[in-house]
Structure formats: structure tokens, C-alpha cells
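Here is a short tour of a protein structure, meant to be read with the model open beside you. Take a look at the sequence and the fold, and then we can walk through the details together.

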Amino acid sequence: MQAGDDFGIAEGWWGVDGTWHATTAGTRAALRRSMGADEHPDGPPESPSLWFVRPGDDTSIWSPGLLTFEDGTTLEVQGSLPAELPPGSHELISDGGHLTRVLSLPSRCRRAERSWGWTLQLPQTRSLRSWGHGDFADLATLARWARGHGAQVLAHNPLGAPIPSTTQQPSPYYSSSRRFWSPLYLRVEQVPGAELLGAELERATAAGCALDSSASIDRDAVWALKSAALRSIWALVRDSSRVGALLSAAQDDDVLMEHARFCALAERFGGGRSSFPPEAAHPAVLAGSAGAALRASIADDVERWRWIQLVADGQLADASRCGAALMSDLAVGFDPDGSDAWIDQDLLATGCRVGAPP
């Protein structure tokens with residue numbers, strides 16, 4: 001591959017058969033437009049420097065600066081970064097004003113004991129208590145069973161969140177978000193406060209378990225039942241001290257807030273970001289004065305979606321402690337109409353498509 005232009009677009013590439021393939025002028029122009037050439041005709045704007053730091057690396061810095069950790073706390077640094085730099089994405093602003101994004105990484109993933117394990121597709125791995133779709137409680141049971149048979153690892157499909165529309169995306173490899181969990185995996189009966197529903201929960205459980213008799217996974221029916229039940233539980237627990245403490249502990253998680261806003265908007269407007277009105281076209285616009293009225297109108301729904309994700313975090317964490325170590329597959333991409341694409345749209349060339357693999 002030859003060197004690219006100021007937008008990094010190469011003039012061509014060598015195929016595996018040794019043949020040179022030239023990138024056409026039309027393709028290069030289309031790629032440049034998708035990457036913002038119309039707004040930046042002189043080349044892309046300056047981006048922050050990236051610094052990947054692993055344990056044992058030299059972390060010396062040339063000038064003093066202000067380090068902002070991922071949790072929002074700050075530290076004045078001189079000479080070097082702190083010795084115990086927590087994992088995550090941090091920002092370093094030097095005295096000269098230059099921004100460096102510091103990505104603190106572990107030296108390697110946690111090593112599993114040398115052994116063997118199972119792999120499964122969780123939606124299809126249903127139990128008698130599933131609502132037509134495998135869930136986190138089923139995953140916990142499987143982890144215990146796998147460990148009991150000598151397995152050290154239980155690998156499973158990606159668990160990313162779909163767009164919360166009435167028609168659910170059937171593929172776990174095309175999620176709205178790879179950072180947040182699909183509520184289809186929630187065991188509703190184990191959601192704190194579910195017991196308050198009484199007979200309503202009994203009816204929903206009976207309808208959900210009846211879906212197990214079908215040979216196929218009806219995600220739309222599963223979501224209709226689970227979303228209705230979660231709304232009913234939320235109405236009963238939203239003002240409780242337990243829920244208040246849970247939400248308060250995550251109040252500085254800005255990305256969770258943005259995902260929750262996306263989900264609330266998707267419910268309101270019946271689809272992904274292409275269905276949103278101008279005042280919600282971008283997270284920054286929604287967070288500003290132009291989006292104030294809409295933001296106020298979905299405030300309770302946003303809190304409900306933050307709560308759903310935090311409950312899902314808890315159920316998955318419980319499953320991870322039950323037996324065999326869990327190893328999730330990771331989707332290569334995500335839905336261009338979904339949450340990750342809405343949140344990170346400034347980083348994407350949305351007019352482009354690539355092959356599989358790219």
C-alpha cells in the first residue's frame with residue numbers, strides 16, 4: 001500500500017495475487033467527503049495525540065501539565081505520569097495547551113487456567129424459566145454447570161444492546177452499542193422490586209415462559225413483555241432509596257447518560273438516530289439550549305434507561321462469579337443508526353461502507 005493523502009487515503013493497494021489495484025479519483029473524492037473534506041478543505045483538523053501506556057513503560061513527560069482522569073478528577077503532573085495510573089482513557093494538557101489522550105492499558109488480558117471450555121449462543125440457550133430467550137440467570141446456571149464438569153471458560157456471543165424499538169435486531173453482531181448490554185438478557189424476576197408487581201409479574205412470567213415452546217426466538221415478543229414489565233417495576237421503585245443510591249453512584253458516567261438518552265429518544269421517535277429531530281441530531285445539541293425542552297420531556301425515561309443498564313451490570317456480574325470464567329465475543333462493528341454511532345458520530349465516516357473483513 002502506498003502512502004495516503006492528507007486524509008490518509010491510499011492511492012491503491014497490492015492484492016494477495018500481486019496485482020496492483022489503483023484507487024479511483026471518484027472513490028478518493030467520495031472518501032474525502034465522508035471524512036469531512038467539505039468542512040476542512042485544507043486537511044483534517046489537528047487531533048489529540050494518542051499515548052498508549054502499559055505497566056513498565058517509560059512515562060516521562062517533557063513539560064508540566066494537568067492530567068484529567070477518566071472519572072473526572074485532576075492531578076498536576078511534573079516529570080512523569082503517576083506510577084499507579086489506573087486503566088482507562090485520561091487526558092493530559094501540557095503547559096503549552098497541547099492535548100494528549102493517555103490510554104492506560106493492562107499488559108495483557110487476564111490469563112485463564114490451561115484447560116478447556118464451552119461456547120454457546122445465549123439467546124438460543126433457554127431454560128424452563130427463560131422468557132423465550134436465554135438470559136443472565138441462564139448464563140449463571142451454565143457457568144456453574146460448566147465448572148462442575150471441569151471447564152474453565154464459557155465463551156458466548158456478544159451481549160451488546162439493540163435499538164429499543166418494537167422490531168428487534170436479530171443479530172448480536174449488529175448491535176446499537178457494543179459498550180452496553182441488551183436488556184433482552186435480563187431475568188425480570190431477579191430485578192430488585194419485581195416482587196412488587198404481584199399478579200402482574202405472574203402473568204408476564206407465564207406469557208414469557210410460554211414463548212419457550214416455539215422453536216425460534218421471537219425477540220419482538222420477548223422485548224414487548226420485558227419492556228412492559230420493566231416500565232411497571234420502574235414506576236414502583238423510581239423513588240426508592242436503593243434506586244437513588246444506584247443512580248447516584250453512576251452520576252459521573254457521561255457515556256451511560258448519553259446511551260440512556262439515545263434509548264429514550266429511540267423509544268420516543270420509533271427508531272435510531274436517523275429518526276431523531278434536529279434538536280437531538282447530536283448529543284451536544286441535545287445537551288444544549290436547543291434541546292432543553294426535549295431533554296426535559298424524556299428525563300424520567302433517561303433515568304429508567306440508566307437504571308436498566310445498571311441492573312443488567314449487576315446480573316452479568318453475578319453470572320461472572322458463578323463458575324467458569326465468561327469470555328464474550330466482540331462484534332466487529334455496530335449499527336450506523338444506533339447508540340455508539342450517535343454518541344461517536346464525530347469520529348465516523350458515515351458515508352462509507354467496508355467489506356467483511358474490511
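## A tilted tryptophan pair

Trp-118 has a relative accessible area of 38%, so this residue is partly exposed (buried means under 20%, exposed over 50% and partly exposed in between, with a 1.4 Å probe and protein chains only). Trp-145, at 41% relative accessibility, is also partly exposed. This is a predicted model, in which local features need pLDDT of at least 70 and side-chain atom pairs count only at pLDDT 80 or more, while totals for chains, interfaces and linings use all residues. Residues are numbered from 1 along each chain as its sequence is written, and side-chain values use heavy atoms, with hydrogens and water left out.

The structure holds 10 aromatic pairs (rings of Phe, Tyr and Trp, the last by its six-membered ring, with centres within 6.5 Å; planes under 30 degrees apart are stacked, over 60 edge-to-face and the rest tilted). Trp-118 and Trp-145 form one of them: their ring centres are 5.4 Å apart and their planes meet at 40°, so the pair is tilted. Because Trp-118 sits in strand β8 (residues 117–120) and Trp-145 in helix α2, the pair ties together parts that are 27 residues apart in sequence. Helices (H or I, at least four residues) and strands (E, at least two) are DSSP runs, numbered from the N terminus.

Phe-269 and Phe-276 make another tilted pair, with 6.4 Å between centres and 50° between planes. Phe-269 is partly exposed at 32% relative accessibility, whereas Phe-276 is buried at 9%.

## The nonpolar cores

Which residues have the most contacts inside the largest nonpolar core? They are Ile-233, Leu-265 and Trp-307, in a core of 57 residues (a nonpolar core is a set of buried Ala, Val, Leu, Ile, Met, Phe, Trp, Tyr and Cys residues joined through side-chain atoms within 4.5 Å). Among the elements that give two or more residues to this core are α2 (136–148), α4 (219–237) and α6 (254–269). Helix α9 provides the largest share, nine residues.

Not counting residues up to four places away in sequence, Leu-265 touches several partners, including Phe-276, Leu-286, Ile-298 and Trp-342 (contact means heavy atoms within 4.5 Å). Another core, of nine residues, lies apart from the largest one, and Val-53, Ile-61, Leu-67 and Val-77 are among its members.

## A buried serine

Ser-339 lies in helix α10 and is buried, with a relative accessible area of 0%. Its side chain makes a polar contact of 2.8 Å with that of His-259 (a pair of N or O atoms within 3.5 Å; within protein, one must be able to donate a hydrogen and the other to accept it, and residues adjacent in sequence count only if both atoms are side-chain atoms). Beyond its neighbours within four places in sequence, Ser-339 is in contact with Ser-176, Ser-177, His-259 and Phe-262.

## Cysteines and overall build

How many disulfides does the structure hold? The number is zero (a disulfide is a pair of cysteine sulfur atoms within 2.5 Å). For Cys-209, the closest cysteine sulfur is 19 Å away, in Cys-322, which is too far for a bond.

The protein has 10 helices and 12 strands, and 39% of its 358 residues count as buried. Its C-alpha trace spans about 65 × 55 × 50 Å along the principal axes.
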